[in-house]
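Let's take a walk through a protein model together.

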Amino acid sequence: MVSLILLVFLVHVAIYIVNTLAASTIDNLLWLLYLRLPTPFLKDARKQQELKRDIVQLKREMNATSSQDEFAKWAKLKRRHDKGLEEYEVMNRSVGAQKASFERKVKTARWLSTNGFKIFLQFYYSKSPMFDLPPGWLPYPVEWVLSFPRAPLGTVSIQVWGSVCATVISLTGDVVTVVVQKIAQPAKQAQAVPAGEPKKEL
């Protein structure tokens, strides 16, 4: 079984990764997976895509048709395009509302599985020491702060350990980001401007 010290650290790693790197990616991926499930919403999503394809096709046909030379054909395409666009906008609002509701649920589930789990651990293990400090190694006020709020004096509480983990992970993430950006930047080399060709004398 994973020790509590390591579990708290891994929870903070997961929180950092999800919140700083992958939150929107996870939301979009789950939305795409949800669109493929046999739900009542699947029909609306497919209809929206069909309407979008039809509107694009009608727009192309309108652009390829002269409004002066073939006015009757152009006007018919314009009516169909406008009607399809109106249906698409209604469907798009409906799909947008469903997507917003889905994203709220995903964000709630993500928060409960990361920050919510962290809060649960801090509450449940509030009296459990993460590890003991050597006796007499630190002055009383420092020991009291490290054991805050409910861990035994002379130990490190889960709240303090979690704060240390979060700070170290955040700083490490910042350092890695800077290093990756430096490596990824193309080396700026000064390029010599070639001199113009000498003019030929007549």
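Lining the largest pocket you'll find Trp31, Leu32, Leu35, Arg36, Leu42, Ala45, Arg46, Gln48, Gln49 and Val95. Two elements give two or more residues each to this lining: helix H1 (4–36) and helix H2 (41–64). H2 hands over the largest share, five residues. Helices here are DSSP runs of H or I with at least four residues, strands are runs of E with at least two, and both are numbered from the N terminus.

Before going on, note that this is a predicted model, where local features need pLDDT of at least 70 and side-chain atom pairs count only at pLDDT 80 or more, while totals for chains, interfaces and linings use all residues. Residues are numbered from 1 along each chain as its sequence is written, and side-chain values use heavy atoms, with hydrogens and water left out.

How big is the largest pocket in volume? About 170 Å³. The whole structure also has one cavity of 30 Å³ or more, and the largest cavity holds about 40 Å³ of space. Its lining is made of Val8, Val11, His12, Lys118, Leu121, Gln122 and Ile158, with H1 and helix H3 (71–124) as the elements giving two or more residues.

What do the two words mean? On a 1 Å grid over the protein atoms alone, a cavity is a set of points where a 1.4 Å probe fits but cannot get out, and a pocket is an open set with protein on both sides within 12 Å along at least five of seven lines; lining residues have an atom within 4 Å of a point. Grid points are joined across faces, edges and corners, and a volume is the space filled by probe spheres set on the points.

Here are the two linings by class:

| Lining | Nonpolar | Polar | Charged |
|---|---|---|---|
| Largest pocket | six residues | two residues | two residues |

Now for the charged pairs. The structure has two salt bridges, each being a side-chain nitrogen of Lys or Arg within 4 Å of a carboxyl oxygen of Asp or Glu. One joins Asp27 to Arg110, with the closest N and O atoms 2.6 Å apart. That pair links distant parts of the chain, since Asp27 sits in helix H1 and Arg110 in helix H3, 83 residues apart. Are these two buried or exposed? Asp27 is buried at 7% relative accessibility, and Arg110 is buried at 16%. (Buried means under 20% relative accessible area, exposed over 50%, and partly exposed in between, with a 1.4 Å probe and protein chains only.)

The other bridge pairs Asp82 with Lys78, at 3.5 Å from N to O. They are four residues apart in helix H3, so about one helical turn separates them. Asp82 is partly exposed at 34%, and Lys78 is partly exposed at 31%.

Finally, look at helix H4 (140–146) and what follows. Pro141 is in helix H4 and is exposed, at 53% relative accessible area. Its C-alpha atom is 85 Å from that of Ser66, 75 residues away along the chain. Leu153 lies in the loop between helix H4 (140–146) and strand E2 (155–156), and is partly exposed at 47%.

Note on methods. Nonpolar A, V, L, I, M, F, W, Y, C, P; charged D, E, K, R; others polar.
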